[in-house]
Amino acid sequence: MAGGFLLRGRIAQGNGTMTRDWNRRTQLVHEGARRSQYGEMAEAIFLTQGFVYDSAEAAEARFLQAGPDEFIYARYGNPTTRMFEDRIAAIEGTEDAFATASGMAAVNGALMSMLRAGDHVVSSRALFGSCLYVLEDVLVRYGVEVTFVDGTDLDQWRAAVRPGTKAVFFESISNPVLEVIDIAAVAGIAHAAGALVIVDNVFATPTFSRAVAQGADVVVYSSTKHIDGQGRALGGVVCGTKAYVRKVLEPYLKHTGGAISPFNAWVMLNGMVTLDLRCTAMADAALEIATALQGDPRLARVIYPGLPDHPQHDLVLRQMGSGGTLLAIDVAGGKEAAFRLLNALEIIKISNNLGDARTIATHPATTTHQRLPDAAKAALGITPGLIRLSVGLEDVGDLIAELKAALAVI
Ligand SMILES: *Cc1c(COP(=O)(O)O)cnc(C)c1O
């Protein structure tokens, strides 16, 4: 190396003889950090598309086989991006990860990279709209057969998965009605048929995820949500085995252009530092809000997996140890009353993102799920009075007071 900037790799301190069985909170702060010879404390943003080689021979050698701290082009990988990938892989418990420009680039990449015409996929029907588009429109156009099931009904999974099914796909907690899908049970059915289990785990968050131990082979996040956690940057990540990530996924993503910006990867890397603290606080607040609103006569339903009356309460505690950071309320007076409630809110913002530090209220029937036919909305439980709440980091007493005051005006 002819002077200049030298990446010193993951272990920049210590002689390498210490054990590395760090606990989660330590990993969230330190895992994956790479430091240059300047010894910068905060992870650097390597805002560079390309990399310079010391010689023609060095360029040739790197194209033949890039080492762990060698990069070629930011579409393939970048030191800042790599730090984010190493940190999330450590947290999720997978061998490797690949970061993408958005959650949808991650979902699309996870599926398209491994499927070909004639393959069969089984998917849960209650999906984020863009995920549904990939499975229902895109894959089918390329000759992939997709069978949709009610993800909470294990008999439907058993009936749909067959020998030779290539993959199953589902969101472990569905949007917006917060049904919980049993990862271990679905993985058991899928693995018996040799199918890969791909879980979109956004609503579960990496904090409450134990998806890999429960049988998931590939875990996908939109890091736009809780991982950023402050509503700033788009990003996504696919976690899996080294063989899947580097031999199946990376060739597809690096040649089709779904790479994350190094700046956004840096935002995500720093979001992870506070991820557990934020998600734990948000889930505690969600339970408090759900408990405070439960039984209100102006609400037809309060849906929160962490409430004992939720149909999958036992499952969610077994699977995540928490009810998560989102809840939904069904206003008895329908759309008109739901709109009056939304319009009375001040702290709680009307928007459609989730996982933000700011509490967000969404009316799915007229926004995120507007285009679904009424029958499909009804089948998914998206009633005219339904409001989804993504709980943020404000004082929970303020949030409860605001929701109660808003209920009083409807
Ligand atoms: C937001 C979201 C996505 C898509 O993520 P983007 O970062 O917006 O592309 C996929 N799945 C679920 C469950 C989501 O909530």
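Me: Contact means heavy atoms within 4.5 Å. Which residues does Ala-195 touch, not counting residues up to four places away in sequence?

Reply: The model is a predicted one, in which local features need pLDDT of at least 70, side-chain atom pairs count only at pLDDT 80 or more, and totals for chains, interfaces and linings use all residues. Residues are numbered from 1 along each chain as its sequence is written, and side-chain values use heavy atoms, with hydrogens and water left out. With that exclusion, Ala-195 touches Thr-165, Lys-166, Ala-167, Val-168, Ala-190 and Asp-217. Ala-195 itself sits in the loop that separates helix H7 (183–192) from strand E5 (196–200); helices (H or I, at least four residues) and strands (E, at least two) are DSSP runs, numbered from the N terminus. Gly-164, which is 31 residues from Ala-195 in sequence, has its C-alpha 7.1 Å from that of Ala-195.

Me: Why is Ala-195 called buried?

Reply: Buried means under 20% relative accessible area (exposed is over 50%, partly exposed in between, with a 1.4 Å probe and protein chains only). The relative accessible area of Ala-195 is 3%, so the residue is buried.

Me: What makes the peptide bond from Asn-175 to Pro-176 worth noting, cis or trans?

Reply: Most peptide bonds are trans. The bond from Asn-175 to Pro-176 has omega near 0° and is cis. Pro-176 belongs to the loop between strand E4 (167–171) and H7.

Me: What is the phi of Leu-178, and what is that of Thr-205?

Reply: Most residues other than glycine have a negative phi. Leu-178 is not a glycine, yet its phi is positive, about 60°; Thr-205, also a residue other than glycine, has a positive phi near 70°. Leu-178 is placed in the loop between E4 and H7, whereas Thr-205 is placed in helix H8 (residues 205–208). Leu-178 has 1% relative accessibility and therefore counts as buried; Thr-205, also at 1%, therefore counts as buried too.

Me: How do you know which residues join helix H4 to helix H5?

Reply: Met-104, Val-107, Asn-108, Leu-111 and Met-112 of H4 meet Ser-130, Cys-131, Val-134, Leu-135, Val-138 and Leu-139 of H5. These contact residues comprise nine nonpolar, two polar and no charged. In that count Ala, Val, Leu, Ile, Met, Phe, Trp, Tyr, Cys and Pro are nonpolar, Asp, Glu, Lys and Arg charged, and the others, Gly among them, polar. The axes of H4 (residues 103–112) and H5 (residues 129–141) come within 10 Å and cross at roughly 35°. Those axes are lines fitted to C-alpha atoms over the stretch in contact, with angles from 0 to 180 degrees between N-to-C directions.

Me: Which residues does Arg-246 touch, again not counting residues up to four places away in sequence?

Reply: Arg-246, in helix H9 (residues 242–256), touches Arg-82, Glu-85, Asp-96, Ala-97, Phe-98 and Pro-251. Gln-49 lies 197 residues from Arg-246 along the chain, and their C-alpha atoms are separated by 20 Å.

Me: How do you know whether the protein chain is as compact as a globular protein of its length?

Reply: The chain holds 15 helices and twelve strands. Its radius of gyration is 22 Å, close to the 22 Å of the globule rule for 410 residues, so the chain is as compact as a globular protein of that length. The radius is taken over C-alpha atoms, and the rule is 2.2 Å times the number of residues to the power 0.38. The C-alpha trace spans about 75 × 50 × 35 Å along its principal axes, and 54% of the 410 residues count as buried. Among contacts between residues at least 6 apart in sequence, 73% join residues at least 24 apart.
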